[in-house]
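Hello,

Here is the structure I promised to pass on to you. Please have a look at it, and then read on for what turned up in it.

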Amino acid sequence: MPRRGPQQTEPKPFFWISLQDKPGPEKGRLILHDRFVGWSGRMELEIEVLSDYLYVGSGNFDLFPLQGREQARYTFARRNGQLVIPGTGIKGAVRSIVEAISNSCVLQSGRRERAPRSHKSCGGVARGQERQTDLCPACRLFGTTGYRGRVHFSDAVPIGDVQTTTIKIADLWPPKQFKGRKFYQTKAFQPQDMRPQKNYRFLEVVAKGTRFRITLFFENTTTAEMGLLVRALGLALHPEKEGSIVYAFPIKIGGAKPRCLGSVRLHPKRIQTLPASNEDLFQTLLAGGERQGTKAQLLAWLADTTLLDQQAWSEFREKAKPQVDAPCPKEVY
Ligand SMILES: [Zn+2]
């Protein structure tokens, strides 16, 4: 097949949030885990698959029957026989958005991608130097080498009986240059015929509408940090209607993002917080935590924009909007 010229290539399914010659992140002291300050608690969420498919790799293969023969496919991650989305993957996805909307350091750049000096990774925290180390907002919240951070996700497990299916995709060639922070769009998956071919692979996936349950744990966070975190889950204040929350954009998790897999919507279901520096903390723990209406709590956190980079936030919201009628590239790009 002749190589296609650049004018014929399909539009790429990612976007960049440029650093726009911004000064580097505003750094601050990290928060230690030795006492309760600010917000600590948990948020239970449902993950809904919005794209045609979600693929979360396990590093394993299995064989599936295809046209009377056995074919190898990459399998979906499982634990004890049950499908699972590891919490670390979701944390990574949410962290990338927090990095972008808080003008934090660029942690997730590949070996060949070079972040400018202004946004060079904060680096690790040396043992015994915790009280002297300054970190950007994302590293303070999500951690870095030597500091475990104050936000964690449980692994996500399916809700109800979930069946997987198999799709075929062309191999992936991610871009190598650095043009800012890279994110994938939400576009329509283009199915391939199921004929086995060189440079194509089969994936075990779950389909649109599949739901998973997950818990987000936060510890000693500030209201401004919760304002960032809730936005990075894809939620925002309604632009006109006061007291309303909207889904601003889907977030992208799992593998094969260049084939437009892995757009999900996060639905907060329940929030439990512990009161900070309260003498009755032990009683509260026994009673199962302080309960605040989920929506009222989200609104209170979203109201704090102290750590938000408004320009990056507007740019991200605009570019991450789903383009469900736009086709995702099928072939190598
Ligand atoms: Zn950092």
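**Where two helices meet**

Let me start with a contact between two helices: Thr223, Met226, Gly227, Val230 and Arg231 of α3 touch Leu298, Ala300, Trp301 and Leu302 of α5, where contact means heavy atoms within 4.5 Å. Helices (H or I, at least four residues) and strands (E, at least two) are DSSP runs, numbered from the N terminus. By class, this contact of α3 with α5 has six nonpolar, two polar and one charged residues. Here Ala, Val, Leu, Ile, Met, Phe, Trp, Tyr, Cys and Pro count as nonpolar, Asp, Glu, Lys and Arg as charged, and the others, Gly among them, as polar.

The axes of α3 (residues 223-232) and α5 (residues 294-302) are 7 Å apart, and the helices pack at an angle of about 110 degrees. Axes are lines fitted to C-alpha atoms, for helices over the stretch in contact, and angles run from 0 to 180 degrees between N-to-C directions. The two helices are therefore roughly perpendicular to each other; angles under 35 degrees count as roughly parallel, over 145 as roughly antiparallel, 65 to 115 as roughly perpendicular and the rest as oblique.

Before going further, please note that this is a predicted model, in which local features need pLDDT of at least 70 and side-chain atom pairs count only at pLDDT 80 or more, while totals for chains, interfaces and linings use all residues. Residues are numbered from 1 along each chain as its sequence is written, and side-chain values use heavy atoms, with hydrogens and water left out.

**The whole protein and its cores**

The protein has six helices and 22 strands. Of its 333 residues, 48% are buried, meaning under 20% relative accessible area, with exposed over 50% and partly exposed in between (1.4 Å probe, protein chains only).

The largest nonpolar core holds 64 residues, and Met43 and Ile85 have the most contacts inside it. Such a core is a set of buried Ala, Val, Leu, Ile, Met, Phe, Trp, Tyr and Cys residues joined through side-chain atoms within 4.5 Å. Helix α1 (residues 87-101) gives the largest share of this core, seven residues. Another core, of eight residues, lies apart from it and includes Tyr55, Ile169, Leu203 and Ala256.

**Helix α1**

Is α1 enclosed or open? Of its 15 residues, 13 are buried, so α1 is largely enclosed by the rest of the structure. The axes of α1 and α6 (residues 310-319) come within 8 Å and cross at roughly 130 degrees, which makes α1 oblique to α6. Ile97, Ala100 and Ile101 of α1 make the contact with Ala312, Trp313 and Phe316 of α6. By class, that contact has six nonpolar, no polar and no charged residues.

**Some single residues**

Most residues other than glycine have a negative phi. Gln67 has a positive one, near 45 degrees, and sits in the loop between β5 (57-66) and β6 (69-76). Gln67 is exposed, with a relative accessible area of 61%. Asn220 also has a positive phi, of about 55 degrees, but lies in strand β16 (residues 211-221) and is buried at 1% relative accessibility.

Lastly, Thr166 belongs to strand β12 (residues 165-170) and is buried, with a relative accessible area of 18%. Among its contacts is Phe64, which is 102 residues away in sequence and 8.8 Å away in space, C-alpha to C-alpha.

Best wishes

How values were computed:
Lists of a residue's contacts leave out its neighbours within four places in sequence.
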